[in-house]
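This report describes a predicted model.

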Amino acid sequence: MNIVFIGCGNMGTALLKAALSISEIDNIYIIEKRKEQRERLKEIDRRLIVSEKIDSLPDSFLVIFAVKPQDMESAVKETLPYIDKAKDVAILSIAAGVTVDYYQRQTNKDIPIFRVMPNTPGLLSAGVSGVFCNKRDEKFWPITHKIISGLGEVVEIEDEELIDVITAVSGSGPAYFFLLTQVLAEYAISRGLTKEQAELLARRTCYGAGVLLDRFDASPEELRMMVTSKKGTTEAAINFMLEAGIRDILLSGFERAEKRAKELSL
Ligand SMILES: NC(=O)c1ccc[n+]([C@@H]2O[C@H](COP(=O)([O-])OP(=O)(O)OC[C@H]3O[C@@H](n4cnc5c(N)ncnc54)[C@H](OP(=O)(O)O)[C@@H]3O)[C@@H](O)[C@H]2O)c1
């Protein structure tokens, strides 16, 4: 099996590291515009075939589009002649908003197309990805599943529309969590702690809460109740936030993210 990366930045590199550990993969071709990034990639593994532009490709490959959505149209255009010529080909795309139908229209070929929404914890194999595909074939799907499993857990969906919900929940989700971390630290600084102390307290609190979520057999609500004693400090904070409408604010924010994902769709 041959893999071709079109763009290999942050997310592409995470997928590449996963691909490197899969024995069924023979050659990995990487087309990457940025020179410094090409140098970095060559250092990861000497067997990688890294270039700025496509020269030639084998007649059977899985192409992974890992460029930003705004670069997608030109990336697809540059790759189309090779997809056209290939005997056996499939597409794995991680670009937000780029639909299976878009690739189908561009390639005009009945090939497997896997649309994946990963998230940044995937860089440390601690992520969760949503995946929708038009077909689970016997050749490309098992390899695709192995590659995305290298980023963490995988949630398969049967309705492509739900990818926008996944984008709003787990794609953007780490940023909501980091905002909470940032505001916790800002509060600690405003109340007299040093920046260093505040950041350590906020970071380790959020990290520790994440570890509890991962390792304790309890729901988020149950974990929250473990910290919330009657008439205590946590209850005072949580009750105030709920009464002030934090739940509605969060839900409206997630809804905005989903709406924006739809607006950005190609
Ligand atoms: N980061 C996230 O949290 C996240 C989560 C889920 C999904 N995604 C999706 O993942 C995709 C990649 O994001 P990223 O953060 O990994 O982006 P990135 O770090 O910017 O990597 C993309 C790389 O592709 C290069 N490139 C652009 N056009 C190209 C072309 N035609 N041929 C070859 N290389 C090309 C870029 O070079 P230049 O910089 O020179 O253009 C860049 O080095 C995006 O579509 C995004 O929607 C990201």
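## Lining of the second largest pocket

By class, the second largest pocket is lined by 20 nonpolar, 13 polar and 10 charged residues. Here Ala, Val, Leu, Ile, Met, Phe, Trp, Tyr, Cys and Pro count as nonpolar, Asp, Glu, Lys and Arg as charged, and the others, Gly among them, as polar. Of the 43 lining residues, Met-11, Ala-66, Val-67, Lys-68 and Ile-94 lie nearest the centre of the pocket. The volume is about 1,100 Å³, taken as the space filled by probe spheres set on grid points joined across faces, edges and corners. A pocket is an open set of points on a 1 Å grid over the protein atoms alone, where a 1.4 Å probe fits, with protein on both sides within 12 Å along at least five of seven lines; lining residues have an atom within 4 Å of a point.

H1 (10-20) gives the largest share of the lining, six residues. Helices are DSSP runs of H or I with at least four residues, strands are E runs of at least two, and both are numbered from the N terminus. Domain 1 (2-158) and domain 2 (171-263) each contribute at least three lining residues; the bounds come from an automatic or database domain assignment.

## The sheet and its helices

Eight strands form an open sheet in the order S3-S2-S1-S4-S5-S6-S7-S8, with mixed pairing; two strands pair if DSSP finds at least two bridges between them. Strand S3 (49-51) and strand S8 (152-156) are at the edges with a single partner strand each, so one side of each has no neighbour in the sheet.

S6 (residues 113-117) and S7 (residues 127-133) run antiparallel and are joined by four bridges. Met-117 has Gly-130 in S7 as its bridge partner. H6 packs on the sheet and touches S6 and S7, its direction making about 35 degrees with that of S6. Axes are lines fitted to C-alpha atoms, for helices over the stretch in contact (heavy atoms within 4.5 Å), and angles run from 0 to 180 degrees between N-to-C directions.

## Basis of the model

Residues are numbered from 1 along each chain as its sequence is written, and side-chain values use heavy atoms, with hydrogens and water left out. Local features need pLDDT of at least 70 and side-chain atom pairs count only at pLDDT 80 or more, while totals for chains, interfaces and linings use all residues.
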